[in-house]
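I open the notebook and list what I want to look up. The entries follow in the order in which I took them.

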Protein chains: 2
Amino acid sequence: MKRIIYLSPFLFIFHAGLGQPPRPPAISSPDIHQDQSITFRYYSRTAQRVSVSGEFLKAPVKMSRDTSGVWSVTVPPVQPDIYPYSFWVDSVQMADPNNTYIFANERFKRSIVDILGDQTLIHSLQNVPHGKINYRYYKSATLGTTRQLLVYTPPGYDPNGKTKYPVLYLIHGGSDTEETWTKVGRANLIADNLIAQGKAKPMIIVMPYGNVRPNPMADFTKDVVNDIIPFVEENYSVIKESKGRAVAGFSVGGGQTLNIGLTNPDKFAYVCSYAPYTATEEFKSNFTNWSPDAKAMNKQLKLFTISVGTEDFLYESVKQNIALFQDKKIKLEPFIVSGGHTWMNCKLFLATSLQQLFKN
Amino acid sequence: MKRIIYLSPFLFIFHAGLGQPPRPPAISSPDIHQDQSITFRYYSRTAQRVSVSGEFLKAPVKMSRDTSGVWSVTVPPVQPDIYPYSFWVDSVQMADPNNTYIFANERFKRSIVDILGDQTLIHSLQNVPHGKINYRYYKSATLGTTRQLLVYTPPGYDPNGKTKYPVLYLIHGGSDTEETWTKVGRANLIADNLIAQGKAKPMIIVMPYGNVRPNPMADFTKDVVNDIIPFVEENYSVIKESKGRAVAGFSVGGGQTLNIGLTNPDKFAYVCSYAPYTATEEFKSNFTNWSPDAKAMNKQLKLFTISVGTEDFLYESVKQNIALFQDKKIKLEPFIVSGGHTWMNCKLFLATSLQQLFKN
């Protein structure tokens, strides 16, 4: 669903509002060309330096200004994927004002660019049946507040039907939000496509908001186990046993996944941790002097994976995590790929997990 | 659901990524104080001038820098509501990097600040049953593409139940998106609250994406009538007659509302136009030499309202629209309030309409 912005004069006057300087002209950015090169544009008559910085670039690239005040640069062909990027305008890092698609995050404002390419990718919008994403509120007794979460229901899901679905609890990274897995990770489209191909079981995917402060680890584990799971099991037609529950997450959410899953193996038969951040007190207290009954645990856990890219800044730490669990004789499937601590890798990790979950 | 950002050292290192300069420290902005004054903060060691501009201010307000590079200003108490605002950093207008809540829009990037106040407001998150927002894809034969829309279903909605619900088709303003009515207009919470109070009928609210290019008026009318309504009526338990359909919209969407509703009075018994933008070819060709059978139309239309604020830059134009329809003897309820072309007024207009719809 690409949105092309045409120059539309009547749009200029809208939302000018009280105390708002006039809006700049509508320009098209990013423009993705046939050969997968991309032109970025930014309008400013006063900026001294503008550059674009993105996860498809090794370093920021300078943009140059034409006489009308439009700064632009065309970057060489980029491998099809969805990438975060931002502009640097003098001292300021910002999202591309002309791009609707924002990286859902609490701390930074970046845009995302979707390079489709010739091939159909697993996260692209395809002509297959689509599930729904439900935005829901639930009451967290743990946190004493009402919170939002997202629930993907697969195509054909019937709340009153006889089918009981398995549930994947899927957690975003630190400073992301409950929308990041759909808006950046396209979890819903990946699931739609893999279900249509018969490669993933139809499942429900619950995407909560994991940034619990000041204690994101212990308190969020309680919120998931005591509040979110009961909410989901009351409101959706789901399997209420460990064989029907999986937990997965990225980065800080990957650390939360290990804490949630491995301290509750009676509740989750599937644990998938993506590039986990584990330099936390809770991880240390849970696992440093951990002496699990490996045999019992390996029976409970139908799948335990840890995924990471070799260029991830957490790669060494994740290798240590893998060694730690292997040392305790916990059956674990490492999934090591190229690439960094990115949402490009997140999509690959998720697409891989979805084909493994709820199958044994 | 307020999110307080604590200074959390481990977050600093995340998402740094390839070619990304280091991220600034976490700071809290906006900080809303007990007396409804607000402190805005922005971090930059290199900016020369920083100011905040918002729809609660008559003009931008300068921020001043402390020795650590944090720019800030506290603005006097603001009347409780949800307001868009942005920062000006030297020549650059941008969203507040530390605020998660973004104004959903294609052309500008602004943040929103929610001043709760002491009183419960009609758009606030209250302890009442909550409906769901569904993110759905539908195929538009008119536009030859798959598009996204949002569907609010009220508390207790059962897709297989006997209850058939009325449907409000609710359209955003020019350059907004299908998410603006929920993310900025809080249409879901307004509906939750009014339904809980018994002031609004339980209804389904469909929020499509109205920015069809290059012809946002005629093509979108076809998309609504030929694609969106059939999709909704196939997938939801709804009333399939005009008495169970309403159309409402703001600004460009208010103009679309008039075109959609008044050229299809057999399909919509309720037409609510908010601060309509009508300087379009389609409006001219539909209504300039229009000679409706007013008696028949007044029988079909159970409610026709046009709402506008006296400080709206479209106020004079909207008054002319009202006069035009009154001149044609079409029964019309004008709703004139104070305020401008703002989403503060949009929430008021919607809360007013929801109490009138599907009641006669």
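Entry 1. I take a helix to be a DSSP run of H or I with at least four residues, counted from the N terminus. The model is predicted.

Entry 2. I ask how many residues of helix α2 of chain B are buried. I count a residue as buried if 20 or more other C-beta atoms lie within 10 Å of its own. For this helix, residues 187-196, that holds for 9 of the 10, so α2(B) is largely enclosed by the rest of the structure. I note the buried ones as A187(B), N188(B), L189(B), I190(B), A191(B), D192(B), N193(B), L194(B) and I195(B). I then look up their packing partners in chain B. Among these are the strands β9 (132-140), β10 (145-153) and β11 (167-171). β12 (204-207) also packs there, as do the helices α1 (180-183) and α8 (343-354).

Entry 3. I turn to chain A and its helix α4, residues 252-262. Here 11 of the 11 residues are buried, so the helix is largely enclosed by the rest of the structure. The buried run goes from V252(A) to L262(A) and includes G253(A), G254(A), G255(A) and G261(A). Which elements cover α4(A)? I find β11 (167-171), β13 (245-250) and β14 (270-274) among them, along with α3 (218-235) and α5 (281-287), each in chain A.

Entry 4. I go back to chain B for one residue, A269(B). I locate A269(B) in the loop between α4 (252-262) and β14 (270-274). Is A269(B) buried or exposed? It is buried, because 24 other C-beta atoms lie within 10 Å, against the cut-off of 20. Leaving out residues up to four places away in sequence, I list its contacts as S242(B), K243(B), R245(B), Q300(B), L301(B) and K302(B). I also look at F358(B), which is 89 residues from A269(B) along the chain, and find their C-alpha atoms separated by 8.7 Å.

Entry 5. Last, I look up the domains of chain A. Domain 1 covers 27-114 and domain 2 covers 132-354. Their C-alpha centres lie 32 Å apart. To the contact, domain 1 of chain A brings 11 residues and domain 2 of chain A brings 12. On the domain 1 side, strand β6 (residues 82-89) gives the most, with 3 residues. I sort that side by type and get 6 nonpolar, 1 polar and 4 charged residues.

Key. Residues are numbered from 1 along each chain as its sequence is written. Chains are lettered from A and ligands numbered from 1 in the order in which they are written. This is a predicted model: local features need pLDDT of at least 70, side-chain atom pairs count only at pLDDT 80 or more; totals for chains, interfaces and linings use all residues. Domain bounds come from an automatic or database domain assignment. Two residues are in contact if their C-beta atoms, placed from the backbone, lie within 7 Å. Helices (H or I, at least four residues) and strands (E, at least two) are DSSP runs, numbered from the N terminus. Ala, Val, Leu, Ile, Met, Phe, Trp, Tyr, Cys and Pro count as nonpolar, Asp, Glu, Lys and Arg as charged, and the others, Gly among them, as polar. A residue is buried if 20 or more other C-beta atoms lie within 10 Å of its own, exposed if 12 or fewer, and partly exposed in between; C-beta atoms are placed from the backbone.
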